[in-house]
Amino acid sequence: MIDLQPGDKTHDETRQGEALIVDAPKAANGKKLYIESYGCQMNFADSEIVASILSDKGFETTGDYSEADVVFINTCSIRENAEQRVRNRLSQFGAVKRRNPNLIVGVLGCMAERLKSKFLDEEKLVDVVVGPDAYRELPQLLGEVESGQKAINVLLSREETYADISPVRLNGNGITAFISIMRGCDNMCSFCVVPFTRGRERSRDPFSIVAEAQDLFNRGYKEVTLLGQNVDSYKWRGMDGEEEIAVNFAGLLERVALISPELRIRFSTSHPKDITDEVLYTIAKYDNICNYIHLPVQSGNTRILELMNRTYTREWYMERVDAIRRIIPDCAISTDIIAGFCTETEEEHQDTLSMMDYVKYDYGFMFCYSERPGTLAARKLEDDIPEEVKKRRLSEILAKQQQGSHYRLQQFVGKTVKVLVEGVSKKSDLDYCGRNDQNAMVVFPKTADVKAGQYVDVYVDKCTSATLLGTIVNH
Ligand code: 5AD
Ligand code: SF4
């Protein structure tokens, strides 16, 4: 997996372990909450829901777990190493708990859902285990723990979308935010644990999504990222006043885009089998819908794609890429790739590399295959590619991706790009950073009259391996 810049907007594990700071709660109860999040953007968005639910009950949030009354860890199960990281972190919390036996330790999210009560048996220090659809029960569950019991709720729901809960924006820059538009996943990719940990797919009503985006815009936010495991299968049917309406993803994108031309829209993740020309034309139609699509290929070989149950072929994927290039000529495309899936031959691995040559992805997130208990692949296929072969294939994929990223960044050199200023650059207080439409990070010297949250035109004069460098020419 490549390293991302903090705040990157694709499915990633690199922002794991961020502590979350919340505004003052409505009526303080004197208790402090610490939440740490691992895994995908959806998990970070969920932690904002959890913070909101507990803030309503008077919890103040702290960024220092040693002073917390409640420590939550919002977990990821996607690969074995993601789970291992969480277990290591839990043993550190164990040391704090030995000093402060009243400390409540909770496990939330995908690992809670996967392991259920086993967690309470395996990890003695854990007091409460809560799955992704049960966060409304958190205040009650904490009450049970305070009365001396262990507490668990891992029920999955077919309806819960937390539509009415206004997330508390955590550790944000006040300019970009996530909005969950759906939950769960109905695809059955054979390698993936998500359908088991996050349950059936359900779409949130479009009115609450637009209202949330509008509220963010009113508060000065300039970019929203619409989140779902498979945004292209967003589908909502219901009443709009007297009229029965159906809204698909293209329709939702349009509704959010119409809030203001000053509000940028991003989204993730798109599925190659479901992304429609209608969505592509909607992106092309609105300047404020960013020209960037995260379109995970997973493998470039049709036999492997079939074993993965991705339900598309190499040719189908290439046709979708051609359609993107035709309809949105300057669109950035990123991908996820799994190296060394069950029975993958060298030739089939070469097909993945040649797919990368074909698309020249702007960004890529690459992983060795990790067998997950309970998945279709774990039940039906042998995890037969030796670890060192997986690693070697992954390193070839990584090297190829570096070439692709560099090629794409170089296309911007000598051009002027529109950048949303996100804040001061990590490396120097004298520089600002922000992203262009295609999600490339751009760094440029600060000027006194430009503030974070503004759009500026930046002339790009060079690039490093992951960043464009330039100067403001217009704002
Ligand atoms: N092993 C390795 N990578 C996986 N992913 C999902 N499940 C696994 C697994 N069992 C990757 C896929 C997915 C991304 C979020 O994580 O590439 O798109
Ligand atoms: Fe997100 Fe999947 Fe990890 Fe769950 S298992 S946190 S859905 S990446």
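This is a predicted model: local features need pLDDT of at least 70, side-chain atom pairs count only at pLDDT 80 or more; totals for chains, interfaces and linings use all residues.

Author: With Ser-370 the backbone takes part: one of its N or O atoms lies 2.7 Å from a nitrogen atom of ligand 1. How much of ligand 1 does the protein bury? On its own, ligand 1 would expose 400 Å², and the protein buries 95% of that.

Now for the wider shell. It holds 12 residues, and those that come nearest are Arg-79, Phe-191, Gln-298, Asp-336 and Ser-370. Sorted by class, the shell has six nonpolar, three polar and three charged residues. Two elements, β16 (332–339) and β17 (363–368), each give two or more residues to this shell.

If you have a moment for another part of the model, have a look at helix α5, which spans residues 138–146. Its buried residues include Leu-138, Leu-141, Leu-142 and Val-145. Viewed down the axis of α5, the buried residues fall within an arc of 100°, so they line one face of the helix. Among the elements that cover them are the helix α1 (41–56) and the strands β4 (70–75), β5 (104–109), β6 (128–130) and β7 (151–153). Just after α5 comes Gly-148, with a positive phi of about 100°.

Key: Residues are numbered from 1 along each chain as its sequence is written. Chains are lettered from A and ligands numbered from 1 in the order in which they are written. Side-chain values use heavy atoms; hydrogens and water are left out. A residue is near a molecule or strand if one of its heavy atoms lies within 4 Å of it. A polar contact is a pair of N or O atoms within 3.5 Å; within protein, one must be able to donate a hydrogen and the other to accept it, and residues adjacent in sequence count only if both atoms are side-chain atoms. Accessible areas come from the Shrake-Rupley method with a 1.4 Å probe; for residues, only the protein chains shown count as cover. Helices (H or I, at least four residues) and strands (E, at least two) are DSSP runs, numbered from the N terminus. Ala, Val, Leu, Ile, Met, Phe, Trp, Tyr, Cys and Pro count as nonpolar, Asp, Glu, Lys and Arg as charged, and the others, Gly among them, as polar. Buried means under 20% relative accessible area, exposed over 50%, partly exposed in between (1.4 Å probe, protein chains only). The arc is that of the directions from the helix axis to the C-beta atoms. Contact means heavy atoms within 4.5 Å.
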